[in-house]
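Please look through the model below from end to end before reading on.

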Amino acid sequence: FKFDLEENKVSSSYQQDSVYLSEPIFVPNPEGELEDDGVLLSQAYFGKDSETKLLVFNARNMEVMATVSTGMRAPLDFHGAWIPN
């Protein structure tokens, strides 16, 4: 979920039955002007499919922009930091 600290509320979220997300990583848009200009990358386990996929979210509204299939199940250990270069 995305929490708005000024409004003190959840402003957007993602939820789907039997889908378990890892810790997301924020990748800023190098030409962005707002703090949430960019995407979130999150490894997700789709329980009904028994498959791990990479989800790319629009950081502003948490809408899925892309889903990358791996064809297998992987542990949810997607941690780290985005290093642009």
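A residue is called buried when its relative accessible area is under 20%, exposed when it is over 50%, and partly exposed in between, with a 1.4 Å probe and protein chains only. By that scale, 27% of the 85 residues of the protein chain count as buried. The model is a predicted one, in which local features need pLDDT of at least 70 and side-chain atom pairs count only at pLDDT 80 or more, while totals for chains, interfaces and linings use all residues. Residues are numbered from 1 along each chain as its sequence is written, and side-chain values use heavy atoms, with hydrogens and water left out.

Helices (H or I, at least four residues) and strands (E, at least two) are DSSP runs, numbered from the N terminus. The protein chain has zero helices and seven strands, so named that the order from the N terminus reads β-β-β-β-β-β-β. Contact means heavy atoms within 4.5 Å. Among contacts between residues at least 6 apart in sequence, 36% join residues at least 24 apart. The accessible surface (Shrake-Rupley method, 1.4 Å probe; for residues, only the protein chains shown count as cover) comes to about 6200 Å², and 50% of this belongs to carbon and sulfur atoms.

The pockets come next. The search runs on a 1 Å grid over the protein atoms alone, and a pocket is an open set of points where a 1.4 Å probe fits, with protein on both sides within 12 Å along at least five of seven lines; lining residues have an atom within 4 Å of a point. Grid points are joined across faces, edges and corners, and a volume is the space filled by probe spheres set on the points. The largest pocket has a volume of about 220 Å³. Its lining consists of Phe1, Lys2, Leu21, Ser22, Pro24, Phe26, Asp36, Leu40, Ser42, Phe57, Ala59 and Met62. For residue classes, Ala, Val, Leu, Ile, Met, Phe, Trp, Tyr, Cys and Pro count as nonpolar, Asp, Glu, Lys and Arg as charged, and the others, Gly among them, as polar. On this basis the lining of the largest pocket has eight nonpolar, two polar and two charged residues.

One of these lining residues is Phe26, which sits in strand β4 (residues 25-28). Phe26 counts as partly exposed because its relative accessible area is 33%. Phe26 and Asn58 are 32 residues apart in sequence, and their C-alpha atoms are 9.8 Å apart.

The second largest pocket holds about 190 Å³ of space. It is lined by Lys2, Phe3, Asp4, Leu5, Glu6, Ser11, Glu35 and Asp36, and β1 gives the most to this lining, with three residues. By class the lining has two nonpolar, one polar and five charged residues.

Lys2 and Asp36 also meet in a salt bridge, their closest N and O atoms being 2.4 Å apart. This pair links distant parts of the chain, since Lys2 is in strand β1 and Asp36 in the loop between β4 and β5, 34 residues apart. A salt bridge here is a side-chain nitrogen of Lys or Arg within 4 Å of a carboxyl oxygen of Asp or Glu. Asp36 is buried because its relative accessible area is 18%. The side chain of Asp36 forms a salt bridge with that of Arg60 as well (3.6 Å, N to O). Arg60 lies in the loop between β6 and β7 (64-69), so the pair ties together parts that are 24 residues apart in sequence. With 41% relative accessibility, Arg60 counts as partly exposed.

Arg60 in turn forms a salt bridge with Asp37 (2.3 Å, N to O). Asp37 is in the loop between β4 and β5, 23 residues from Arg60, and is buried at 13% relative accessible area. The whole structure has four salt bridges.

Some single residues remain. Lys53, in strand β6 (residues 51-58), counts as buried because its relative accessibility is 15%. Leaving aside neighbours within four places in sequence, Lys53 is in contact with Ser42, Gln43, Ala44, Phe46, Thr67, Val68, Ser69 and Thr70.

Asn8 has a positive phi of about 55 degrees although it is not a glycine. Asn8 is in the loop between β1 (2-4) and β2 (9-12) and is exposed at 59% relative accessibility.
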